[in-house]
Amino acid sequence: MEQGWTLPWLAALMLALLGLPVLGSDFQHHRYEMMVRALFAVQSECPYITRVYSIGRSVEGRHLYVLEFSDNPGIHQALEPEFKYVGNMHGNEVLGRELLIKFSQFLCEEYRAGNQRITRLIHDTRIHILPSMNPDGYEVAANQGPEFNGYLVGRGNFHDIDLNRNFPDLNALMYYYEKTNGRNHHLPLPDNWEQQVEPETLAVIKWMQNYNFVLSANLHGGAVVANYPFDKSRDPRIRGRTTYAATADDKIFRNLARTYSYAHSWMHKGWNCGDYFDEGITNGASWYSLSKGMQDFNYLHTNCFEITLELSCDKFPPESALPREWLANREALVSYVEQVHHGIKGMVYDVNNNPIANAEISVADINHDVTTGSDGDYFRLLLPGTYTVTASAAGHFPSTSTVTVGPAEATQLNFYLKVAPKQNLKSKHNHSKKNLSPKTHLKLGPR
């Protein structure tokens, strides 16, 4: 079987000859019950590589269902990275929801058809797909219909809260730490944060905390551009669009954004929806400053690198536009998942070969660390080059190695840490949990 896609009619014919139903033959908008049936239909057609699970409920009690693809569904395998796609965070931005449903059907169909690229991707990656983070808002928007296409109707959840302005504001804490040489990763959440966020936001944060995600994208609408952190300007007094807020991993984020943009049929051309974005990418704060957003929260609280994909000028495109949008995004959706396999990965052990959880992995000249998961494995996205990498853990001497990263698969680099005498230890794990989140003006844009 060739590495490229099977022709749609050929895949459909093969499934038909085997007496199997063809998933996703028709493009349509999925109301909540239809979406749930579609996800469980994929699980039924590909039971050995999929799992459907709920991460919580919306305000109105709708499950936030995730469809997982893996060769061992429900199990984290050491050194196998975790990836997630999130759609429909704004209820009236629906293309991402439909693309993720179609993408799920596509992965199942291509796996069954023997596509080597998709088979390898599913065997080597644990992929989590949340088509709708805001099912309540979607129902409000869907009741208006595509013809209405209101900019605000259905955007928020049932409480009319914009979920992409609802995460704890860790940017303010990070920007303070930058001036005081403080912690640069896994920033603490404010006291009583669970009472300060919406049920959908709470569910997603708990999801992030329970899975060691490495890479992510959340799918929006209202523009066509790949947006990367930071979303929030370092200077809260500036309201313009010229305040680029770079992360320590700015080059990596730009590369991730370009990966999607150039694999998309027209995003990379730049001129879309009356705006121009060079190469079809933008730093969030240089577009406009956004506070309490999800992509910045991913980077500052977890190991996960996330970008925001604005995929259509029309927030609620008609069903007739869905086939074209699918073809425009199909390769980009796959190529972006593949980026999770770049950089370095490895295990951190003690001298007795026991894995060490929550060890910190730092890269010289990149001021942002990642940590090992509960199995002692880590994943560090990096561009090709030579790096000096240090692993450290409480109660152990740090270990440093030099590694060269190539353009293909992640380079494996393991560490073995020796126990250090107590008098030599200096804990760098205890940091203030003071909530420094200021109240800021929130501009209401596509994100």
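Helices α2 and α3 cross in a left-handed manner in this predicted model, and their axes, which come within 10 Å, meet at an angle of roughly 15°. Since angles under 35 degrees count as roughly parallel, α2 is therefore roughly parallel to α3. On the α2 side, which spans residues 32-45, the contact is made by Y32, M35, A38, V42 and E45, while α3 contributes R97, I101, S104, Q105, C108 and R112. Sorted by class, the residues that join α2 to α3 comprise 6 nonpolar, 2 polar and 3 charged ones.

Helix α3, which covers residues 95-112, also packs against helix α4, made of residues 116-124, and here the axes lie 8 Å apart at an angle of about 110°. Because angles of 65 to 115 degrees count as roughly perpendicular, α3 and α4 are described as roughly perpendicular to each other; this crossing, too, is left-handed. The residues that meet are F106, L107, E110 and Y111 from α3 and I118, T119, I122 and H123 from α4, and by class this contact has 5 nonpolar, 2 polar and 1 charged residues.

The relative accessibility of H368 is 1%, and because buried means under 20%, H368 counts as buried. Apart from neighbours within four places in sequence, H368 is in contact with N184, H185, A248, D249, Y299 and R380.

Conventions:
Residues numbered from 1 in each chain as written. Predicted model: local features only at pLDDT ≥ 70, side-chain atom pairs only at ≥ 80, totals over all residues. Heavy atoms only, no water. Axes fitted to C-alpha atoms, helices over the stretch in contact; angles between N-to-C directions. Helix = DSSP H or I, 4+ residues; strand = E, 2+ residues; numbered from the N terminus. Parallel < 35°, antiparallel > 145°, perpendicular 65-115°, else oblique. Left-handed = near helix turned anticlockwise from the far one by under 90°. Contact = heavy atoms within 4.5 Å. Nonpolar A, V, L, I, M, F, W, Y, C, P; charged D, E, K, R; others polar. Buried < 20%, exposed > 50% of the residue type's maximum accessible area, 1.4 Å probe, protein only.
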